[in-house]
Amino acid sequence: MTHQRQTLRSLDDLIASGAVDAAQGHALKPVVERFQVAVTPAMLGLMARDESGSVAQGDALAAQFLPDPREAMVAAEELADPIGDEAHRPLPGLIHRYEDRVLLQPTHVCAVYCRFCFRRETVGPENGTLSDAQLQAIYAYIAARPQIFEVILSGGDPLVLSARRLRAIVAAIAAIDHVKVIRLHTRVPAVDPARITPELVQALKWRGATYIVLHVNHAQELAPAALSASAMLVDAGIPMLAQSVLLKGINDDATTLETLFRTLIANRIKPYYLHHGDLAQGTGHFRTSIAEGQSLMRNLRGRLTGIAQPAYVLDIPGGHGKVPIGPTYVHDCAHGLEIEDPDGARHSYPPKPQG
Ligand code: SF4
């Protein structure tokens, strides 16, 4: 196998690289016609191979980025817009779901396309990048609403943009006095770490705080190049958080999550959210039950340092927002409350202040 230099973007690319068996091509055709495909050289290079040189079955990266025939199976409860973005879209490229923050989508392009993406119906080059006029309309919207404290750049993946474009966006937001925080949601530091250059890091600096939230689901994604790219950002004074998706067969066991979260905090990246899988179309094979997710979180509570514990959250279908979904350690009982400890034992607690 030769070292792959280009991002794989088609079924032919995937077959030529050995990532996909030619015999699977027929079954995958409807999937790749419907949903985007992109696998960066960095991710392809980290996928385990079998003796024949083909990508190994069950590899945690292959399962996240290589198309699967099961994506053609859409369950009745699955939705084209699973978290209800469109119910909160005042302008193209802008989602305003919560009062104090907006989500700005400067591009719909991503460096990789995750097979479980909650925006899989809208990501990709055909929905493109916002025009200057569309961006100006968004800046005017934010400027007219003093309650907007934070602007989240998401997408797509904002870090596929050039340093020049990012600098212009950050400068325009910085000119709006009441915005104090810019947050970027990205996979780039892990999946395409060469994009994190000193020029790009500099483009993200402004008078306020910049936070980067890295989407990462398995420690296998955190190769030395990814950790160096993240260290460049943190060393520049940009705090990093991580968000992960709970994915069946990839990270739905306590040991895998523990390794991921420990690797993150050892590298100054705070686990922030563990998302329950959204009801995106063709993604049923990735979803666990909420009870399984709660059981994993309960398992991690006792054995993993508190700073490595993310909140387990669900975006309620229909656009009703994101909430923590447990587990709860507080139980009602006949004489008041019982609080459960990390080992499962319950201890009574007075229901209200005494005296
Ligand atoms: S990087 Fe994010 S937006 Fe892009 S495909 Fe993956 S989950 Fe979707």
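Predicted model: local features only at pLDDT ≥ 70, side-chain atom pairs only at ≥ 80, totals over all residues.

Colleague: In which sense do E2 and E3 pair, parallel or antiparallel?

Modeller: E2 and E3 pair in the parallel sense, over four bridges, and Arg101 stands opposite Glu150 in E3.

Colleague: And the side chains of E3, which way do they point, and are they buried or exposed?

Modeller: In strand E3 (residues 150-153), Glu150 and Ile152 point one way while Val151 and Leu153 point the other way, and all are buried. So the glutamate that faces Arg101 is itself buried, as under 20% relative accessible area is what that word requires here.

Colleague: What about E4 and E5, over how many bridges do they pair?

Modeller: Strand E4 (residues 181-186) and strand E5 (residues 209-215) pair over six bridges, in the parallel sense, and there Arg183 stands opposite Tyr211 in E5.

Colleague: Switching to rings: how many aromatic pairs are there?

Modeller: The structure holds two aromatic pairs. In one of them, Phe116 and Phe286 have ring centres 5.4 Å apart and planes at 75 degrees, so the pair is edge-to-face.

Colleague: Which parts does that pair tie together?

Modeller: Phe116 lies in the loop between strand E2 (101-104) and helix H5 (132-143), and Phe286 in the loop between strand E7 (269-275) and helix H11 (290-303), so the pair ties together parts that are 170 residues apart in sequence. Phe116 is buried, at a relative accessible area of 8%, and Phe286 also counts as buried, at 6%.

Colleague: And the other pair, Tyr272 with Tyr273: stacked or edge-to-face?

Modeller: The planes of Tyr272 and Tyr273 are at 25 degrees and the ring centres 3.9 Å apart, so that pair is stacked, the limit for stacking being under 30 degrees. Tyr272 counts as partly exposed at 24% relative accessibility, whereas Tyr273 counts as buried at 17%.

Colleague: Where do charges sit over rings?

Modeller: The charged end of Arg298 sits over the ring of Tyr329, 5.3 Å from its centre, and Arg145 lies over the face of Tyr141, at 3.6 Å from the ring centre.

Colleague: New topic: what is the count of disulfides?

Modeller: The count comes to zero disulfides. As for individual cysteines, Cys110 is buried with a relative accessible area of 13%, while Cys333 counts as partly exposed at 23%.

Colleague: One more, then: where is Glu338 found, and what is it in contact with?

Modeller: Glu338 is found in strand E11 (residues 336-340). Leaving aside its neighbours within four places in sequence, Glu338 is in contact with Tyr329, Val330, His331, Cys333, Arg346, His347 and Ser348, a list that includes the tyrosine whose ring lies under Arg298 and the partly exposed cysteine.

Colleague: How many residues apart in sequence are Glu338 and Gln147, and how far apart in space?

Modeller: Glu338 and Gln147 are 191 residues apart in sequence, and in space they are 39 Å apart, C-alpha to C-alpha.

Notes. Residues numbered from 1 in each chain as written. Heavy atoms only, no water. Phe/Tyr/Trp six-rings, centres within 6.5 Å; stacked < 30°, edge-to-face > 60°. Helix = DSSP H or I, 4+ residues; strand = E, 2+ residues; numbered from the N terminus. Buried < 20%, exposed > 50% of the residue type's maximum accessible area, 1.4 Å probe, protein only. Lys NZ or Arg CZ within 6 Å of the ring centre and 35° of its normal. Pairing = 2+ DSSP bridges. Disulfide = S-S within 2.5 Å. Contact = heavy atoms within 4.5 Å.
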